[in-house]
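Subject: Structure for you to look at

Hello,

I am handing over the structure below. My notes on it follow.

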Amino acid sequence: MTLLLNPSKETAFTCEQIKPMTTVLIIDDDHFVRDSICDLLNLEGFQTLTADNGTTGSYLATEHHPDIILCDIQIPDLDGYDLLKQLRQNHLTQSIPFIFLSARVAKTDQRLGMNLGADDYLTKPCSAADLLEAINSRLSKRHAIQSQTQQELENLRSSITLALPHELRTPLTGIVTSVELLRLLADAPTKEDLLEIADTIQSSSQKLYRLIQNYLLYAKLEVTRCDVTLQAAFQQGAVSHPSPLVASVAEQVARQYDRAADLVLQLDFEQPQYVVRCAGSDLEKILLELIDNAFKFSSQGSPVRVKGCVEAGFYVVEVRDMGRGMTEEHIALLGAYMQFNRRIYEQHGVGLGFAIAKRLVELWQGRLVLQSQPNCATVVRVSLPQVPCAQVEPNELIDYADFQLQ
């Protein structure tokens with residue numbers, strides 16, 4: 001292996017973008033290679049850890065969480081491929097950039113390494129410039145991802161700070177006002193007064209409960225989205241005969257808005273050859289939030305169409321309303337806490353329902369597409385993958401053939 005311990009200006013690679021004291025774990029059973037790389041990286045301002053076998057390398061990676069790992073393939077105890085598999089399955093180490101540094105030059109070896117999740121593959125001999133460039137490139141990419149994630153978290157915190165007090169205050173005001181009214185009527189309340197106050201308290205309490213549940217669910221989904229292990233545990237479940245569930249949810253929402261006559265259902269109730277890969281509770285939540293938005297943001301007397309059918313290996317649900325719609329700019333900015341024209345329209349839910357539905361669809365490997373025109377129509381189209389019945393465990397499957405939503 002060719003390593004330039006004192007690279008010239010022409011071959012040296014500057015590491016100004018790399019944070020001070022970046023730790024590199026070097027795993028190689030050749031002590032000369034390890035020492036050469038250590039000398040080079042120490043001169044460039046890195047901190048190094050070394051291991052001469054896969055078992056020690058795995059321990060050091062788990063205990064010290066290095067910023068990047070350089071690893072040979074042919075090492076004792078646990079070869080490079082098996083080590084990478086192990087590290088990618090551990091939530092403590094799965095995001096650490098991993099570079100193979102091997103004498104194996106066959107494309108099949110390189111492809112195997114990349115398919116297992118390696119971030120780069122360098123072949124020996126390797127120059128100091130190439131090695132430093134590879135390290136800096138992977139660290140810069142990781143830093144960019146971390147910065148983006150941090151910015152998203154900051155936006156999330158800011159949005160919650162701004163939106164949550166208002167959204168909590170609205171139902172709480174209804175409850176507090178009702179209690180005050182009860183006190184005023186304490187001496188001679190009528191049955192009608194009591195029932196009206198009770199209805200207000202119940203409605204406000206339900207809104208408050210749903211809002212809190214949605215905030216908690218969205219936070220859980222965001223954590224799941226960033227954790228491969230949680231995603232694997234999350235993606236358990238399947239639905240057979242989903243159309244009755246779609247119909248029941250749509251009818252329930254229409255009744256809540258006193259708009260049963262506005263609901264138009266176009267559903268295929270025939271027995272499907274495949275089942276939908278989505279947990280029943282998640283499918284119900286997706287439907288509830290999207291259909292609720294359709295009624296919430298459209299006027300009494302205008303139709304809300306809910307269509308369900310099978311298309312090219314996907315179960316597709318389409319929700320269409322004739323409400324006020326959104327511009328392309330609004331759609332591009334649509335997120336968990338975005339609201340548009342708040343001063344003109346009274347909005348509740350801070351867009352959280354749509355964000356939850358979208359995240360659930362994505363976690364189930366589906367697609368959600370929103371199309372809208374101002375003062376015209378809004379169409380939300382959800383496509384969830386179907387799988388053969390034989391690929392679903394019996395304990396995962398829910399059959400909605402005779403389902404009636406209470």
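pLDDT is the predictor's confidence in each residue, from 0 to 100. The model is predicted, so local features need pLDDT of at least 70 and side-chain atom pairs count only at pLDDT 80 or more, while totals for chains, interfaces and linings use all residues. Residues are numbered from 1 along each chain as its sequence is written, and side-chain values use heavy atoms, with hydrogens and water left out.

Confidence comes first. The chain has a mean pLDDT of 82, with 83% of its residues at 70 or more. The lowest confidence is in helix α10 (residues 328-333), at a mean of 64, and the highest is in strand β3 (residues 68-71), at 96. Helices (H or I, at least four residues) and strands (E, at least two) are DSSP runs, numbered from the N terminus. Residues 1-19 have pLDDT below 50.

Next, helix α6. This helix covers residues 191-225, and its 35 residues reach 50 Å from first C-alpha to last, close to the 51 Å expected (1.5 Å times one less than its number of residues). Its buried residues (under 20% relative accessible area, 1.4 Å probe, protein chains only) include I197, L208, L211, Y215 and Y218.

Last, a helix pair. The axes (lines fitted to C-alpha atoms over the stretch in contact, with angles from 0 to 180 degrees between N-to-C directions) of α9 (residues 280-296) and α11 (residues 352-363) come within 9 Å and cross at roughly 145°. In contact (heavy atoms within 4.5 Å) are D282, K285, I286, E289, L290 and N293 of α9 with G353, F354, I356, A357, L360 and V361 of α11.

Regards

Methods:
Buried means under 20% relative accessible area, exposed over 50%, partly exposed in between (1.4 Å probe, protein chains only).
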